[in-house]
Amino acid sequence: MATSWQRAEQLAEFFAIDAVERDQQGGTPKAQRDAIRQSGLLAMLIPQQFGGLGSSWREIMATTQLFARVDSSIAHIFGFHQLQLATVRMFARADQWQPWFDQTASRNWFWGNALNVLDERMTVQQQIGWYEFSGQKSFSSGAADSEILLASGFETSNDNRFVMAMVPSGRTGITIHDDWDNIGQRQTDSGNVTFERVRVEPDEMLLEPGPSSSAFASLRPLISQLHFASMFLGIAEGAFNEARDYTRREKRPWLQSVARVATEDHYVLHHYGEFWVGLESVRLLVDRAAQQLDAAWSKALTLDYAERAQLALSVGTAKVAATQHGLDICNRLFDVTGARATHASLRFDRHWRNMRTQTLHDPVDYRIQELGKWALNHQAPEPSYYS
C-alpha cells in the first residue's frame, strides 16, 4: 500500500498535467478535488483512532508545499481543509469534534471556509433551541464542492460576540456564489457565500472552549500563516524548476555575453545562485517552524503563552522570508529565461500572479513590524486572528 507521501506525489503528477490550462479557465477543479478525496489525504490531521492518518503538521505542510509546486490553488484549498479541521479540534468539545472527525475520515468530506473575520456582514441570532445565521462572507476559499463549511458571525443577541459554527454546505439557505475572478489562485473558489436565515444546531456551534480560550486555541492563526509560508515556498520552487528547465533548453546568451551558452553566462549564474540561497533559507525556516508546531500541538492545553510566542516568531520569520524570496523569484525568473519566455502559452506569469494574490492575505509589513518589536525591544507577539 502506498504511503501518504507516495499518494501525494501521484496526485501532484496528476495536477501538473493540465495545471496551466486550468489556471486560465478558473472555476472549480472538480476532478482534482475528487482525486484528493479518493486518496484519503483529507484525513491527514485526523488521529488514527478516528479513522485518519494521524500525520504530523510537518508532513501536512510538506504535502501543501509539494502541491503548490504544480498547482497553488489545489495547495490552498487542501491546506485550508486541514486548517478547518484543526479549528474544530481546538474550539470544540471532545464530544463534538470526535464524531465530525470520524465522519470526515469515513466519508472523505472536504471542508470549506466561510470564516473571514474581517467581513462583519454575518449576523447570528440565538433562537429557542437553535441559532440563525444570516449575511455574507467573502474570500470563502474552498466553499464550492465542499461538504462542510466553517462559518463565523457576530451574535447580535449577545453583545456582538464572535462565534463560529460547522455547517453542512448543502443546508437550506446557503448559496455559494461562482463569483471568484481574480488574477491569481483562480481555482480556489474564494468568492462569496450567502446565508439566508440558516438554521444551526447547538451541537454545531463552536462555543466550548471556543476561540481565544487558551494558548492552544490561539494556534489557529499560526497554523494558517505557516500554511501560507509552505504554499509560497512551493510556488517559488515550481517557478524555479520551470525557469531552470527553460534556461537549459531554450535560453540564448545575450549578444554581449562572453559565454558560449546561456548556462555559462555570469549574470544568469548570479541570478540562480541568489535564487538558491533564498529557497534554501526558506526551506530551513519553514521546516523549523513545522517541527515547533508539532511540539506545540502535542502539548494541547498544557501549552503556555510563552511557548506559543516562540512559535509565533518562528512562523512569522518563515512567512516573511517565503513572501519576499517567493515574490523575488517569481518576478526575476524572466531575467534568466528571456523575452520568448513571456509567450502566453507558457503562462510563467501564473507563478507571480498566484504568489502576489495570496501574499496580500495580510500585509507582510505588519509581520515584519512584529518581528522588529521582538528583535529590538524583546516584545513578544500577542495572539490575534492574524498572528
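This is a predicted model: local features need pLDDT of at least 70, side-chain atom pairs count only at pLDDT 80 or more; totals for chains, interfaces and linings use all residues.
Student: What makes α1 roughly parallel to α4?

Tutor: Helix α1 (residues 4-17) and α4 pack at an angle of about 20°, with their axes 8 Å apart. Angles under 35 degrees count as roughly parallel, and therefore α1 is roughly parallel to α4. The crossing of this pair, α1 and α4, is right-handed.

Student: Which residues of α1 and α4 make the contact, and how do they divide into nonpolar, polar and charged?

Tutor: From α1 come Trp 5, Ala 8, Glu 9, Leu 11, Ala 12, Phe 15 and Ala 16, and from α4 come Ala 62, Thr 63, Leu 66, Phe 67 and Val 70. The residues of this contact comprise ten nonpolar, one polar and one charged.

Student: Why is α9 called oblique to α11?

Tutor: The axes of helix α9 (residues 305-332) and helix α11 (residues 364-377) come within 10 Å and cross at roughly 135°. Only angles over 145 would count as roughly antiparallel, and 65 to 115 as roughly perpendicular, with the rest oblique, so α9 is oblique to α11. The crossing of α9 and α11 is left-handed.

Student: What is the angle between α4 and α7, and what handedness has their crossing?

Tutor: Helix α4 (residues 57-70) and helix α7 (residues 220-249) pack at about 40°, with their axes 7 Å apart, and the crossing of α4 and α7 is right-handed. Among the residues of α4 in this contact are Trp 57, Met 61 and Arg 69, while those of α7 include Ile 223, His 227 and Glu 237. The contact of α4 with α7 divides into eight nonpolar, six polar and two charged residues.

Student: How do you know that domain 2 and domain 3 are in contact?

Tutor: The domain assignment gives domain 1 (4-110), domain 2 (113-204) and domain 3 (216-377). Contact requires heavy atoms within 4.5 Å, and on that basis six residues of domain 2 are in contact with seven residues of domain 3. The C-alpha centres of domain 2 and domain 3 lie 31 Å apart, and the area buried between domain 2 and domain 3 is about 600 Å², with carbon and sulfur atoms giving 54% of it.

Methods. Residues are numbered from 1 along each chain as its sequence is written. Side-chain values use heavy atoms; hydrogens and water are left out. Axes are lines fitted to C-alpha atoms, for helices over the stretch in contact, and angles run from 0 to 180 degrees between N-to-C directions. Helices (H or I, at least four residues) and strands (E, at least two) are DSSP runs, numbered from the N terminus. A crossing is left-handed if the near helix is turned anticlockwise from the far one by less than a right angle, and right-handed if clockwise. Domain bounds come from an automatic or database domain assignment. Buried area is the accessible area (1.4 Å probe) that two parts lose on being put together, summed over both. Ala, Val, Leu, Ile, Met, Phe, Trp, Tyr, Cys and Pro count as nonpolar, Asp, Glu, Lys and Arg as charged, and the others, Gly among them, as polar.
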